[in-house]
Amino acid sequence: MAGRLLKVSSLATAVFASSGFYLYTRQLDLNDLSVIRFGRAAAATAVISYDYLTAFKHVEYGTEEYWALKSKVHLRSAERLRDLCCANRGTFIKVGQHLGALDYLLPEEYTSTLKVLHSRAPQSTMEEIQQVIREDLGKELSELFVSFEEKPQGAASLAQVHKAVLHDGRTVAVKVQHPKVQRQSSKDIAVIEVLLRAVHWLFPDFAFMWLVEEAKKNMPLELDFLNEGRNAEKVTKMLAHFPFLKVPVIHWHLSTKRILTMEFAEGGQVNDRDYMKKHGISVNEISESLGKMYSEMIFVHGFVHCDPHPGNVLVRKCPQSKKTEIVLLDHGLYQVLQPDFRLDYCRLWQALIKGDMPGVERYSRRLGAGALYPLFACVLTARSWTAVNAGISSVPVTHSEISELLNRVPRQMLLLLKTNDLLRGIETTLQTRASSSSFINMSRCCIRAMARHKRSKAQSRRRRLQITLAESLSLWRLYMYELFLWTKGSMLVHWLTALLSYLH
């Protein structure tokens with residue numbers, strides 16, 4: 001027996017020693033090993049689950065003590081989740097950032113804690129960046145660029161951006177993917193799926209499996225920078241009639257699946273009021289332009305930029321024309337809305353704007369909300385049900401109802417809700433939420449979208465003409481209403497009113 005133990009211990013020693021030597025000679029980061037990443041994620045999930053299972057055993061539900069304790073459990077669980085994302089990096093940070101944007105769904109302790117992940121993204125070393133460029137473009141940095149700044153302009157969960165100058169003197173932004181993300185992403189998503197299924201088994205009310213499905217679908221698209229370049233060019237052509245929109249030009253000969261080289265564009269973040277004040281940029285003009293741009297994407301074209309957080313939307317004065325511009329960055333993730341979904345979404349917004357409650361119910365149900373259509377209307381508009389429909393009483397909304405709603409609606413709706421929340425956050429920071437211009441812009445786009453759809457179905461030229469005339473009349477009425485609002489709020493009217501009162 002002693003001899004067998006000696007053999008086993010000798011074999012184990014040899015295995016560990018050879019493994020250590022292998023790791024040392026290969027200079028592998030332990031964080032790259034799937035077993036380490038899985039173990040770390042599993043441990044964090046187990047600790048968080050155990051905390052929720054045991055923390056409330058001796059506290060009566062509904063008491064002040066219960067709610068105070070629940071807030072503490074939320075906070076420490078969110079901190080554990082944040083630390084896990086920072087340790088595992090890559091896909092975990094991307095998923096954590098997505099969770100941090102779900103203000104309408106997650107407790108405030110989670111969203112506020114996970115929002116810091118936007119500033120905790122990892123940075124690749126200069127050696128790693130050079131290696132990716134060497135592998136993908138087949139040349140050294142000095143052969144491609146006159147200069148290449150080592151310090152990145154910004155680092156995100158999947159890539160980082162460096163400023164460089166081409167040999168012809170043009171300044172470019174070079175987006176380089178972190179070298180290990182591509183290899184790790186599919187394994188990380190599988191790990192997240194396994195752990196979420198375990199949590200769902202422990203807590204049957206846990207309804208976040210849709211997060212995994214979204215990650216499975218979207219991560220490969222976000223990791224393909226050629227797809228991002230094609231999206232950038234598509235949205236440039238699609239919104240070419242907006243002179244205020246600037247999308248950096250792509251340099252295709254210096255772009256691959258892991259490298260995207262584009263025109264360098266400077267500006268301040270869209271939520272930076274101080275920058276706008278310093279450069280003479282109107283916050284109302286920016287808010288209105290942003291609303292026009294996204295209404296056009298959603299209602300007219302059904303091709304929607306789904307990550308408009310402030311780091312991806314810059315504002316500036318154009319160096320040539322000196323006019324205000326919005327610079328739209330990061331085109332990796334777009335949502336393509338199915339025609340039937342887009343048209344029902346148009347009809348729903350038209351009903352919401354007009355206060356047509358039967359229409360709100362009908363189109364909310366068609367979009368999958370079912371009996372939860374009042375809650376759906378409130379989530380979409382960020383208004384109370386009383387504000388949506390005066391006179392109808394409401395009951396308190398629970399997180400389980402919101403989770404049920406999000407599991408009912410089409411997956412396309414989830415990214416639209418995230419986009420709506422990000423845009424509302426920008427409007428709130430700019431203090432332009434009270435403006436009616438966003439609803440007027442939505443109405444205008446809905447009218448155009450519905451008219452375009454009806455024209456495509458019309459059988460005769462006469463019918464198409466009737467549809468066009470009805471569209472023109474509706475747009476004219478909307479223009480007159482907008483003019484009325486502008487006149488009502490203008491200084492000239494106030495001055496004339498005061499003058500007439502004085503004369504009287």
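Trainee: Which residue in β6 is the bridge partner of Val 172?

Mentor: The model is a predicted one, and in it strand β4, residues 171-177, pairs with β6 in the antiparallel sense over five bridges. Strand β6 covers residues 259-263 and is mostly covered, with four of its five residues buried. Within β6, the bridge partner of Val 172 is Glu 263.

Trainee: How many helices and strands are there in the chain, and what percentage of its residues is buried?

Mentor: Of the contacts in the chain with a separation of 6 or more, 67% are accounted for by residues 24 or more positions apart. The chain has 21 helices and eleven strands. Buried residues among the 504 in the chain make up 47%.

Trainee: In the open sheet of four strands, which strands stand at the edges?

Mentor: The four strands of this open sheet follow the order β5-β10-β9-β7, and their pairing is mixed. A strand at the edge has a single partner strand, so one side of it is left without a neighbour in the sheet. The strands to which this applies are β5, residues 245-246, and β7, residues 268-269.

Trainee: Which residue in β10 is the bridge partner of Lys 317?

Mentor: Strands β9 and β10 pair in the antiparallel sense, and five bridges join them. Strand β9 spans 313-317 and β10 spans 324-328, with a loop between them. In β10, the residue bridged to Lys 317 is Thr 324.

Trainee: At what angle to β10 does helix α12 run?

Mentor: Helix α12 comprises residues 283-301, and it lies across β5, β9 and β10. These strands belong to the open sheet with the order β5-β10-β9-β7. Relative to β10, the helix runs at about 45°.

Trainee: Is Lys 322, a residue other than glycine with a positive phi, buried or exposed?

Mentor: Lys 322 has its place in the loop between β9 and β10, and its phi is near 65°. Its relative accessible area is 56%, and because the cut-off for this class is over 50%, Lys 322 counts as exposed.

Trainee: Arg 89 is not a glycine either, so what is the value of its positive phi, and how accessible is the residue?

Mentor: Arg 89 lies in the loop between α3, residues 64-88, and α4. Its phi is positive at about 55°. At 29% relative accessibility, Arg 89 counts as partly exposed.

Trainee: How do the residues of the contact of α15 with α18 divide into nonpolar, polar and charged?

Mentor: From α15, the residues that take part are Phe 376, Val 379, Leu 380 and Thr 381, and these meet Met 413, Leu 417, Asn 420 and Arg 424 in α18. The division is five nonpolar, two polar and one charged.

Trainee: What distance separates the C-alpha atoms of Thr 381 and Ile 353?

Mentor: Thr 381 has its place in helix α15, and at 8% relative accessibility it counts as buried. Thr 381 and Ile 353 are 28 residues apart along the chain, and their C-alpha atoms are separated by 9.7 Å.

Trainee: Which residues does Leu 226 touch, not counting residues up to four places away in sequence?

Mentor: Leu 226 is in helix α10, residues 225-238, and it is partly exposed, with a relative accessible area of 24%. Its C-alpha atom and that of Trp 252, 26 residues apart along the chain, are separated by 8.5 Å. The residues touched by Leu 226 are Trp 252, Ser 255, Thr 256 and Lys 257.

Notes
Residues numbered from 1 in each chain as written. Predicted model: local features only at pLDDT ≥ 70, side-chain atom pairs only at ≥ 80, totals over all residues. Heavy atoms only, no water. Contact = heavy atoms within 4.5 Å. Helix = DSSP H or I, 4+ residues; strand = E, 2+ residues; numbered from the N terminus. Nonpolar A, V, L, I, M, F, W, Y, C, P; charged D, E, K, R; others polar. Buried < 20%, exposed > 50% of the residue type's maximum accessible area, 1.4 Å probe, protein only. Pairing = 2+ DSSP bridges. Axes fitted to C-alpha atoms, helices over the stretch in contact; angles between N-to-C directions.
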